[in-house]
Amino acid sequence: MSKESRPLQELSENLEGSLCRPQRGKWKRRSSCSGGLDTENTPNELIQQWSPPHKKILTSAKGKENEENTFVLARRPRKRRESAAGLCWDSLPDELLLGILSRLSLQDLLRTSRVCKRWHCLAFDESLWHSVDLVGKAQLDAELGQVLSAGVLRLRCPHTCIGQPSFKSAQKLRVQHLDLSNCTVETSVLEDILSRCKHLQNLSLEGLVLSDSIIHSLAENTEIVRLNLCGCSGFSPESLAEMLKSCTRIEEMNVSWCDFSNLHVQAIAANIPSSVSHLNISGYRQNLTMEDVKAVVKRCPNLTNLDLSDSVLVTTDSFPVLQQLSSLRHLAVSRCYQIHPASLIDFEKFLNLQTLEVFGLIQDSYLPILCKGLPHIQINTQPFSTVARPTSASRKDRTLWGMHCRLVYKH
């Protein structure tokens, strides 16, 4: 053997001696393995550092049957239980509670307000009270003031007996659409309510006794679009003229059958805003003259719906004047007895007219003949005017100028 191959043979013998021989299924090291090769080449510190932590082995010391067979007791990690406060309603944010309350009916919302102080404040948040229908509630006292103070935008409560709303502060109301038609209410109470309104867009006070103070309050609501004063009384021509000069955005106005003198009618004819497209000025017998009709047509050239019924001074001479209204679609001259039935055929010259109301002027037997002579016009299809009225008589869906109310009183 050469000198060069001898070191290789020694290295081979050392590696063979470092291995362990199996005894009874286990590997045992030779006595020579306890030397430096085992401890020198094994990175024990790194293995311990990188290895996952070992579970603690719990052995039972009782019983001989457990001496040879050891077993491990492993505990599963317990899920963290949610605290009781996490399931409490009080821990929910206001936004989430308001979303839940917005699904409740009016009665349930009022019951919820009695739970605690926080829920009371949330239950009367203005976002929940944007539209309320109190039809069927016979008596309204403090409830009305509470609803109005809650920030309601749309309120419908016609044919209701209103006591004292009892407002707790002098704050202005947010209400924009208000229907108080034919309510039983003191004029002083109505003055208090309307003096707080500055943003009205649609208002119906049909059949109520008003005052100059109320009309002055209405003049401050310059955004009014629809105004229904049908059958109202108690205010002067001067206050009426002032209100019409201020409210220049009115599109629909119903001032029919009011307790008006000829001065009131003249105040309307001389000051009606040019923005009016729907006007009901019927029921004035001898107080509405031809001069008033000419003034209205001149000031409101864009009229599409005009009701002059029950005005005995309106004659066939008004036809050429009305023909100047190129946008006129609906005309009512019912019970204008100075108009001869035979002259109704002249409405064939109104090319854009769609409906014509002539109740009381012709007999039922003559109606088919008139319909045949005016084939492009529907005659006597609407006995009741819908101008500026919040809910037409033909509708039963409890709408408010075409808008629905979310909170509805159910008795």
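Start by selecting Pro-341, which is found in the loop between β13 and β14. Helices here (H or I, at least four residues) and strands (E, at least two) are DSSP runs, numbered from the N terminus. The model is predicted: local features need pLDDT of at least 70, side-chain atom pairs count only at pLDDT 80 or more, and totals for chains, interfaces and linings use all residues. Residues are numbered from 1 along each chain as its sequence is written, and side-chain values use heavy atoms, with hydrogens and water left out.

**Stop 1**

Now show the contacts of Pro-341, leaving aside neighbours within four places in sequence: Leu-361, Ile-362 and Tyr-366. Contact means heavy atoms within 4.5 Å.

Next, select Leu-351. This residue lies in the loop between β13 (330-332) and β14 (355-357). Leu-351 is exposed, with a relative accessible area of 69%.

**Stop 2: the whole chain**

Zoom out. The chain has 15 helices and 16 strands. Of its 411 residues, 40% are buried. Take the contacts between residues at least 6 apart in sequence: 61% of them join residues at least 24 apart.

Colour the strands. An open sheet is formed by 12 strands, in the order β15-β14-β13-β12-β11-β10-β9-β8-β7-β5-β3-β16, with parallel pairing. Two strands pair if DSSP finds at least two bridges between them. The edges are β15 (378-379) and β16 (407-408), and each pairs on one side only.

**Stop 3: β11 and Asn-280**

Select β11 together with β12 (residues 305-307). These strands run parallel and are joined by 3 bridges. Find His-278: it stands opposite Asn-305 in β12.

Now pick Asn-280, found in strand β11 (residues 278-280). Asn-280 counts as buried, at 2% relative accessibility. Its side chain makes a polar contact with the side chain of Ser-385, at 3.1 Å. A polar contact is a pair of N or O atoms within 3.5 Å; within protein, one must be able to donate a hydrogen and the other to accept it, and residues adjacent in sequence count only if both atoms are side-chain atoms. Not counting residues up to four places away in sequence, Asn-280 touches Met-253, Asn-254, Val-255, Ser-256, Asp-307, Ser-385 and Val-387.

**Stop 4: two positive phi values**

Go to Asp-310, in the loop between β12 and α14 (318-322). Asp-310 is not a glycine, although its phi is positive, about 60°. Is Asp-310 buried or exposed? At 4% relative accessibility, Asp-310 counts as buried.

Then select Ala-388, in the loop between β15 and β16. Its phi is near 65°, again a positive value in a residue other than glycine. Ala-388 counts as buried, at 0% relative accessibility.

**Stop 5: Glu-206**

Select Glu-206, in the loop between β8 (202-204) and α10. Glu-206 is buried, with a relative accessible area of 14%. Its side chain makes a polar contact with the side chain of Asn-228, at 2.9 Å. Leaving aside neighbours within four places in sequence, Glu-206 is in contact with Ser-181, Asn-182, Asn-228, Cys-230, Cys-232 and Arg-389.

**Stop 6: α10 against α11**

Finish with a helix pair. Two packed helices are described by the angle between their axes and the distance between the axes. Select α10 (residues 212-219) and α11 (residues 237-246): their axes come within 8 Å and cross at roughly 10°. Axes are lines fitted to C-alpha atoms, for helices over the stretch in contact, and angles run from 0 to 180 degrees between N-to-C directions. So α10 and α11 are roughly parallel to each other. Angles under 35 degrees count as roughly parallel, over 145 as roughly antiparallel, 65 to 115 as roughly perpendicular and the rest as oblique.

Show the contact residues. From α10 come Asp-212, Ile-215, His-216, Leu-218 and Ala-219; from α11, Ser-239, Leu-240, Glu-242, Met-243 and Ser-246.

Last, highlight the buried residues of α11: Pro-237, Ser-239, Leu-240, Ala-241, Met-243 and Leu-244. They pack against α10, β9 (226-228), β10 (252-254) and α12 (262-271).

Technical notes. Buried < 20%, exposed > 50% of the residue type's maximum accessible area, 1.4 Å probe, protein only.
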